[in-house]
Amino acid sequence: MVRRVALSLLALLFVAGVAVAGETKEASGTVKSVAGNTFVVTDTAGQDWNFDVDKSTLVLVKGGSHKMDAIKADGKTAQLSEFLAAKQDVFVQYWEKELKNVAKEVRVKGAAVK
């Protein structure tokens with residue numbers, strides 16, 4: 001009985017989490033700017049897309065894990081601008097949350113981290 005209740009609660013939390021997070025959407029284009037915890041991507045139609053990042057955002061870039069290890073070894077906090085820069089081509093998976101686009105995952109195409 002306890003097991004059934006626990007599984008039911010777990011399933012309910014999962015469904016609630018999906019409902020809160022909303023549908024995962026996708027965008028791609030070229031980074032126009034990066035400032036603080038936000039960045040702007042211009043798509044092929046010339047439309048600008050604003051994205052916020054949070055603690056759960058995953059930025060995937062060639063050499064990124066080595067850069068992150070070096071930042072941690074120095075006792076510093078990583079900044080978005082250390083991994084993402086203007087003119088990089090990116091693919092973004094995001095959620096709409098509180099009228100903002102929150103990046104879930106950012107994949108930098110081809111370029112390596114500086």
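Good morning. Leaving aside neighbours within four places in sequence, Phe39 is in contact with Ser33, Val34, Trp49, Asn50, Phe51, Val53, Leu80, Leu84, Val92, Ala103 and Val106, where contact means heavy atoms within 4.5 Å.

A word on the source. This is a predicted model, in which local features need pLDDT of at least 70 and side-chain atom pairs count only at pLDDT 80 or more, while totals for chains, interfaces and linings use all residues. Residues are numbered from 1 along each chain as its sequence is written, and side-chain values use heavy atoms, with hydrogens and water left out.

Now the overall layout. The chain has 2 helices and 6 strands, arranged along the sequence as α-β-β-β-β-α-β-β. Helices (H or I, at least four residues) and strands (E, at least two) are DSSP runs, numbered from the N terminus. Of the 114 residues, 25% count as buried; buried means under 20% relative accessible area, exposed over 50%, and partly exposed in between, with a 1.4 Å probe and protein chains only.

Let us turn to the core. A nonpolar core is a set of buried Ala, Val, Leu, Ile, Met, Phe, Trp, Tyr and Cys residues joined through side-chain atoms within 4.5 Å. The largest one holds 18 residues, of which Phe39, Phe51, Leu84, Val90, Val92 and Val106 touch the most other members. At least two residues of this core come from each of strand 1 (25-35), strand 2 (38-42), strand 5 (89-97) and strand 6 (100-112). In soluble globular proteins, nonpolar side chains tend to be buried together.

I come next to the rings. Rings of Phe, Tyr and Trp (its six-membered ring) pair if their centres lie within 6.5 Å; planes under 30 degrees apart count as stacked, over 60 as edge-to-face and the rest as tilted. The count comes to 3 aromatic pairs. Phe39 and Phe51 are stacked, because their ring centres are 5.3 Å apart and their planes stand at 25°. This pair links distant parts of the chain, with Phe39 in strand 2 and Phe51 in strand 3 (residues 48-52), 12 residues apart. Both Phe39 and Phe51 are buried.

Trp49 and Tyr94 form a tilted pair, at 6.3 Å centre to centre and 55° between the planes. Trp49 lies in strand 3 and Tyr94 in strand 5, so this pair ties together parts 45 residues apart in sequence. Are these two residues buried or partly exposed? Trp49, at 23% relative accessibility, counts as partly exposed, whereas Tyr94, at 4%, counts as buried.

To close, ring pairs link Phe39, Trp49, Phe51 and Tyr94 into a cluster. Thank you.
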